[in-house]
Amino acid sequence: MSDASGRARPSVSTERCEACGAPGVVLLDVMAPPGEEPTQMRSCSRCETRSWWRGGERVPMAEVLGSAARTPSRPRKKR
Ligand SMILES: [Zn+2]
């Protein structure tokens, strides 16, 4: 997605925070390496709980940071 301003603007979703239940979770697009699905960060403006999502699935923060740093792929851990 190209943006004229060159900056991703946060948008407020109508979803509720999974931690405190407050509405108005902020959505932020995170930089993703070429070829990877875009990742989105959801941040609660009230309790600051953050989660990362990619392709409709939640991803652990370590995985987001790992792909951003281009570290070798590791086996996924399931919780
Ligand atoms: Zn919250």
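Visitor: What makes up the protein chain, and in which order do the elements run?

Guide: The protein chain has one helix and five strands. From the N terminus the order is β-β-β-β-β-α.

Visitor: Why are β3 and β4 called paired strands?

Guide: Pairing requires at least two bridges between two strands. Strand β3 (residues 39-44) and strand β4 (residues 50-54) share five bridges in the antiparallel sense, so they meet that condition. One of the bridge partners is S51 in β4, which stands across from R42.

Visitor: How do you know that β4 also pairs with β5?

Guide: Three bridges join β4 to strand β5 (residues 57-59), and the threshold is at least two; the two strands therefore count as paired, and they run antiparallel. Within this arrangement, R54 stands opposite E57 in β5. The two strands form a hairpin with two residues between them, and G55 in the turn has a positive phi of about 60°.

Visitor: What makes β1 and β2 a pair?

Guide: Two bridges join β1 to strand β2 (residues 25-30). V12 stands opposite V26 in β2.

Visitor: What is the strand order of the sheet, and why are β1 and β5 said to stand at the edges?

Guide: The five strands form an open sheet in the order β1-β2-β3-β4-β5, with antiparallel pairing. β1 (11-12) and β5 each have a single partner strand, so one side of each is left without a neighbour in the sheet.

Visitor: What makes the phi of E48 worth noting?

Guide: E48 has a positive phi of about 65° although it is not a glycine. Most residues other than glycine have a negative phi. E48 lies in the loop between β3 and β4, and the hairpin of these strands has five residues between them.

Visitor: Is T14 buried or exposed, and how do you know?

Guide: T14 has 7 C-beta neighbours inside 10 Å; the limit for exposed is 12 or fewer, so T14 counts as exposed. T14 is placed in the loop between β1 and β2. Its C-alpha is 6.8 Å from that of V25, and the two residues are 11 apart in sequence.

Visitor: Why is D29 described as partly exposed?

Guide: D29 has 15 C-beta neighbours inside 10 Å. Exposed requires 12 or fewer and buried requires 20 or more; the count for D29 falls in between, so D29 is partly exposed. D29 belongs to strand β2. Its C-alpha is 7.5 Å from that of P10, 19 residues away in sequence.

Visitor: How many of the residues count as buried across the protein chain?

Guide: Of the 79 residues, 9% count as buried. Among contacts between residues at least 6 apart in sequence, 24% join residues at least 24 apart.

Visitor: What is the confidence in the protein chain, and which elements have the lowest and the highest mean pLDDT?

Guide: The average pLDDT is 81, and 75% of the residues score at least 70. Where pLDDT is low, the predicted coordinates should not be read in detail.

Conventions: Residues numbered from 1 in each chain as written. Predicted model: local features only at pLDDT ≥ 70, side-chain atom pairs only at ≥ 80, totals over all residues. Helix = DSSP H or I, 4+ residues; strand = E, 2+ residues; numbered from the N terminus. Contact = placed C-beta atoms within 7 Å. pLDDT = per-residue confidence, 0-100.
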